[in-house]
Amino acid sequence: MFQLMLYGLDQATLDDMEKSVNDDMKRIIPWIQQLKFWLGQQRCKQSIKHLPTISSDTLQLSNYSTHPIGNLSKNKLFIKLTRLPQYYIVVEMSEVPNKPTQLSYKYYFMSVNAADREDSPVMALLLQQFKENIQELVFHTKTGKQTRTGTKRRLSDDSCPVEFKKTKRAGEMCAFNKALAHFVAMCDTNMPFVGLRLELSNLEIPHQGVQVEGDGFSHAIRLLKIPPCKGVNEETQKALDRSLLDCTFRLQGRNNRTWVAELVFANCPLNGTSTREQGPSRHVYLTYENLLSEPVGGRKVVEMFLNDWNSIARLYECVLEFARSLPDIPAHLNIFSEVRVYNYRKLILCYGTTKGSSISIQWNSIHQKFHISLGTVGPNSGCSNCHNTILHQLQEMFNKTPNVVQLLQVLFDTQAPLNAINKLPTVPMLGLTQRTNTAYQCFSILPQSSTHIRLAFRNMYCIDIYCRSRGVVAIRDGAYSLFDNSKLVEGFYPAPGLKTFLNMFVDSNQDARRRSVNEDDNPPSPIGGDMMDSLISQLQPPSQQQPFPKQPGTSGAYPLTSPPTSYHSTVNQSPSMMHTQSPGTLDPSSPYTMVSPSGRAGNWPGSPQVSGPSPATRMPGMSPANPSLHSPVPDASHSPRAGTSSQTMPTNMPPPRKLPQRSWAASIPTILTHSALNILLLPSPTPGLVPGLAGSYLCSPLERFLGSVIMRRHLQRIIQQETLQLINSNEPGVIMFKTDALKCRVALSPKTNQTLQLKVTPENAGQWKPDELQVLEKFFETRVAGPPFKANTLIAFTKLLGAPTHILRDCVHIMKLELFPDQATQLKWNVQFCLTIPPSAPPIAPPGTPAVVLKSKMLFFLQLTQKTSVPPQEPVSIIVPIIYDMASGTTQQADIPRQQNSSVAAPMMVSNILKRFAEMNPPRQGECTIFAAVRDLMANLTLPPGGRP
């Protein structure tokens, strides 16, 4: 019995062969002929196993029966090029006549279409046989160089009988199919260029064809002309074509799927500060990655290149206009900005005092518009760019008017205001209203345009800030409609006294014009035009009053903020504009139009005269500042005058002018300098308060003003709900009410308008000492109506005010210990009167609810903080709920169940001390024991060493 062994042949075929040979020895001849073709396939597979290919004996083709591929012999091999999945090399093997030991090989190039699914069969498209004279392709280069004598070899169908004149190297395989390996390598290298050349020809893009570079080791395709771009004017297109020196496509990387288009430009219009941009020519490299599903060098690559070329042309148009404007750009913009990078794909400008902020401009071919990105560099690296707040608005403005100079001017005008605005707190806070579980955002920054920022304070008040040139901003109450001052914007409420408050920050040195007192009653006749523009122009330094001339060949009319000199005169000569222009003529997209309250289409609202003395008479030393900038321009039918302002003026200024109050006065913009706006929005200590009395919550003057206005609004509602009697007051912004023993007056501080002050007058002066009333007033200003401006603190305080006099006086004494802790040095603890329930208190009510209950018994909370503590440790603090029985006069700790994980040592000690005090000091008739008991507790409470409550 014969046993057959052949390495690499599958066992089933080997078993069939063994059975056939053992049955009939004559059958071995057909098997040997079949094994000859099998060995030929193995030779081909081994010859290309190091190349990016996949070999298979069969291939599912949907059109196999109708395609010429079906006419080939059954002995063939399909070789798929993995880098070019749409291409195959087909090897057909046939016998050589009269040479039974040799095979004849024919090589075919076949292309297939892309399969819809991985398991679906493909369709054969092109089938073309390679040339027979392969030896000329292998051993002769295009330069005509011949191979060296002694190494010339003959390449036949079978590579075994190759004759060498030199000694055969050890380990060299005679079975290696050099022709097949060359075909695979040649197709893998050349077919991407062939595909790209065909696509360029189909799109009618002139090129030089596939060229050999690098001494025959690489290929390239050079374009002769790139098609013009849509949306780019002819002048820009010609300038770009003249500057383009070369455009070449090459393949990069080992996978032959990455295209690199090299563009060489000359005469760059902008020189950046980067060291790479200092030569006479600029090289731009565009990279394109081919997906496996796309043919290498297909239409997708050409489309991506044309999109990038369109992006280059779009940006080049803006850069050309910017380059022409550079000689006449204002000096302040030259100092403010510099060109950091211009690589034809994007323009990067650095700006600011230290050039620490950057802005990048490039054309987005997908969205067909300019894309702007912001960042920080150098000393500001890692910080946030202040203009991120208005990034969307900047992008919309630049796409509407792609002018780099105008963009720089907007950045210059808005950088300082945005730096100040970004310091405002925007984190939502709990417990600000009676709904303690509802979070309210302190300030919401709502950009309306690139130069118009709207600030919403706790979803109630609205401040409009308009950034203007020459270092100023215009601020108005955003609750009033731009089109009609008698109408309000839905969802917002006017902030009473805003005009007076803002005028305190007006720079008196910029008061260019002052009017007499009689002008309030006899305003000048309408003059037309935009009053705000004309007033701003008066504040302009002499060096900046020259209008920016229009540059020849530019698309924008006037890229800077200064219009032609005849602009104002043209407006003044058109009386009809006074009747058609409205206060809302502020174009949100234009950063250089001012709010003009003149010439409304409708009528002005009535001019209500608020009864009572003028704010100037109630505020000594306060006077109107810059009144010419805060008065509305009258229209043809009405002549109202508005504006209430106060500002401490220098002694050499004229006497103050009293202005009548108007309900819509704050709708008229107030002009502030950037430094004044920074002071307005920068967190700072509360003016007029001793640092020890001011709270720990640091906020800006604007937040203190708006917070005080909100607290005053809450107080009006609370008085109606509590058992307090409201007293009518003729003074605007003043709330007066009384309890059984006290008459109270609440108003904003006339000196700062940043705190809410309480003035208390007792009905019976003999029951109160002056210092007790001062403590009550100061406690209200610093602990009740001050930051963080919680409505429930007012509710708790009004409950205290409604308490009987002897109880309220004891509470005032506790308040004095809180305000002046240094005056009680013999006590071991500091005390804080909790007007709202703190989070660490016993769970009697949700945190933030009013912490004072006054019925037959009085419940309130105190926080005691230990004075002596080791520096690394935080001082020990405990919450003490105290209940006072009005009938018996005893003061005890309220029996409230504690949380399971809390310690009971401190509450037990507090309860024992208060019980011992009640036993040792029985209450007398009409006497309150609250303060005495609390003082005894603060003097005698001692926690165990190292113990925590």
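Is Q368 buried, exposed or partly exposed? Q368 is partly exposed, with a relative accessible area of 43%, where buried means under 20% relative accessible area, exposed over 50% and partly exposed in between, with a 1.4 Å probe and protein chains only.

1. Basis of the model. This is a predicted model, in which local features need pLDDT of at least 70 and side-chain atom pairs count only at pLDDT 80 or more, while totals for chains, interfaces and linings use all residues. Residues are numbered from 1 along each chain as its sequence is written, and side-chain values use heavy atoms, with hydrogens and water left out.

2. Overall make-up. The protein has 21 helices and 32 strands, these being DSSP runs numbered from the N terminus (H or I, at least four residues, for helices; E, at least two, for strands). Of its 949 residues, 48% are buried. Among contacts (heavy atoms within 4.5 Å) with a separation of 6 or more, 59% are between residues 24 or more positions apart.

3. Nonpolar cores. A nonpolar core is a set of buried Ala, Val, Leu, Ile, Met, Phe, Trp, Tyr and Cys residues joined through side-chain atoms within 4.5 Å. The largest one has 166 residues, and F249, L263, F305, L347, L680, M815 and F833 are those with the most contacts inside it. Helix α6 (residues 299-325) gives this core its largest share, 12 residues. A second, separate core has 24 residues, including I79, Y105, V184 and C187.

4. Surroundings of F833. Leaving aside neighbours within four places in sequence, F833 is in contact with F779, L800, C811, I814, M815, E818, V852, F860, F861 and L862.

5. Helices α6 and α9. The axes of α6 and helix α9 (residues 404-421) come within 8 Å and cross at roughly 70°; axes are lines fitted to C-alpha atoms, for helices over the stretch in contact, and angles run from 0 to 180 degrees between N-to-C directions. That makes α6 roughly perpendicular to α9, the classes being roughly parallel under 35 degrees, roughly antiparallel over 145, roughly perpendicular from 65 to 115 and oblique for the rest. C318, F322 and S325 in α6 meet V404, V405 and L408 in α9, a contact with five nonpolar, one polar and no charged residues. Here Ala, Val, Leu, Ile, Met, Phe, Trp, Tyr, Cys and Pro count as nonpolar, Asp, Glu, Lys and Arg as charged, and the others, Gly among them, as polar.

6. Helices α1 and α2. Helix α1 (residues 11-23) packs against helix α2 (residues 28-47) at an angle of about 155°, their axes being 9 Å apart, and the two are therefore roughly antiparallel to each other. From α1, T13, D16, M17, S20 and V21 meet I28, W31 and L35 of α2; by class, these residues divide into five nonpolar, two polar and one charged.

7. Backbone points to check. Most residues other than glycine have a negative phi, and most peptide bonds are trans. Y344, in the loop between β11 (337-342) and β12 (347-351), has a positive phi near 75° and counts as buried at 0% relative accessibility. Q368, in the loop between β13 (357-364) and β14 (369-376), also has a positive phi, of about 55°. A cis peptide bond joins P787 and P788, with omega about 5°, and P788 is found in the loop between α17 (770-784) and α18 (791-801).
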